[in-house]
Amino acid sequence: MVYHFEYDWFSPNIEVFKKHLAHLAGTPCETLEIGTHEGRSTTWMLENILTHPDARIVAIDLLQQPNLWDNLVESGQPLKVELRIGVSSEVVPTLQTNAFDFAYIDGSHWSCDVLEDAILTFKRMKVGGIMAFDDYLWDDPAFNEHGTPKVAVDAFLTCYAHKLELLEKGYQVWVRKISD
Ligand SMILES: C[S@@+](CC[C@H](N)C(=O)[O-])C[C@H]1O[C@@H](n2cnc3c(N)ncnc32)[C@H](O)[C@@H]1O
């Protein structure tokens with residue numbers, strides 16, 4: 001496959017994705033991604049996790065990057081992708097509740113947006129489903145005028161502690177929903 005990507009924010013995460021998502025490979029899993037950008041993480045999931053013919057991903061982004069659709073087609077599995085262009089706070093509430101096996105939250109990095117994505121996404125997860133937050137430790141003064149993901153993820157982990165199992169806390173945070 002010859003993909004066209006300008007950025008690589010995903011490759012450092014591949015080992016942790018394999019560790020926590022291997023059990024979904026070959027299953028008709030329902031997945032969600034907030035922040036699909038050029039499709040680097042999406043196409044990796046299509047190739048490695050969404051291998052069952054009935055596996056699906058809802059991919060949300062504010063904007064459709066020019067190379068996104070070509071990359072999804074290059075994966076050979078574009079029909080597994082439901083592309084939703086819009087703000088996550090408006091798109092996620094339209095999705096079915098208790099429906100997803102995995103959600104990757106990698107959209108807006110401002111604290112209020114990450115917190116809203118976390119809470120809205122939690123309701124869409126099946127019990128047993130896994131949520132991953134990218135850039136938990138990201139803090140770039142040039143872009144953090146409205147806060148960092150860490151503030152929001154810490155608040156979510158605190159408030160939802162009794163409904164979550166913590167799987168990983170490093171540069172990314174991974175949790176399993178253990179109750180509604
Ligand atoms: C870091 S990139 C995603 C990278 C991608 N997941 C990967 O690993 O290759 C973040 C993306 O989130 C999108 N985004 C930012 N704020 C958003 C929002 N409120 N709703 C939906 N998408 C958003 C941006 O347009 C951008 O494409």
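Visitor: At what distance does a polar contact join the side chains of Q172 and N13?

Guide: This is a predicted model, in which local features need pLDDT of at least 70 and side-chain atom pairs count only at pLDDT 80 or more, while totals for chains, interfaces and linings use all residues. Residues are numbered from 1 along each chain as its sequence is written, and side-chain values use heavy atoms, with hydrogens and water left out. A polar contact is a pair of N or O atoms within 3.5 Å; within protein, one must be able to donate a hydrogen and the other to accept it, and residues adjacent in sequence count only if both atoms are side-chain atoms. For the side chains of Q172 and N13, the polar contact has a distance of 3.4 Å.

Visitor: Is Q172 buried or exposed?

Guide: Q172 is found in the loop between β6 and β7; helices (H or I, at least four residues) and strands (E, at least two) are DSSP runs, numbered from the N terminus. Leaving aside neighbours within four places in sequence, Q172 is in contact (heavy atoms within 4.5 Å) with N13, V16, F17, Y104, F133, D134 and Y136. Buried means under 20% relative accessible area, exposed over 50%, and partly exposed in between, with a 1.4 Å probe and protein chains only. At 4% relative accessibility, Q172 counts as buried.

Visitor: What separates K18 and E15 along helix α1?

Guide: K18 forms a salt bridge with E15, with 3.5 Å between the closest N and O atoms. K18 is partly exposed at 41% relative accessible area, and E15 is exposed at 55%. The two are three residues apart in helix α1 (residues 14-21), and their separation is therefore about one helical turn.

Visitor: Within what arc do the buried residues of helix α6 fall?

Guide: In helix α6 (residues 149-159), the buried residues are P149, A152, V153, F156 and L157. Seen down the axis of α6, they line one face of the helix, because the arc, taken from the directions from the helix axis to the C-beta atoms, within which they fall is 130°.

Visitor: Against which elements do the buried residues of α6 pack?

Guide: V151, T158 and C159 are exposed on the other side of α6. The buried residues of α6, by contrast, pack against α5 (111-124), β5, β6 and β7.

Visitor: What share of the ligand's exposed area does the protein bury?

Guide: Among the polar atoms around the ligand, a backbone atom of G35 is 2.7 Å from a ligand nitrogen, and a side-chain atom of S41 lies 2.9 Å from a nitrogen of the ligand. Taken alone, the ligand exposes 610 Å² (Shrake-Rupley method, 1.4 Å probe), and the share of this that the protein buries is 88%.

Visitor: How far apart in space are L62 and G86, C-alpha to C-alpha?

Guide: The place of L62 is in the loop between β2 (56-61) and α3 (68-74), and L62 is exposed, with a relative accessible area of 55%. L62 and G86 are 24 residues apart in sequence, while their C-alpha distance in space is 4.5 Å.

Technical notes. A salt bridge is a side-chain nitrogen of Lys or Arg within 4 Å of a carboxyl oxygen of Asp or Glu.
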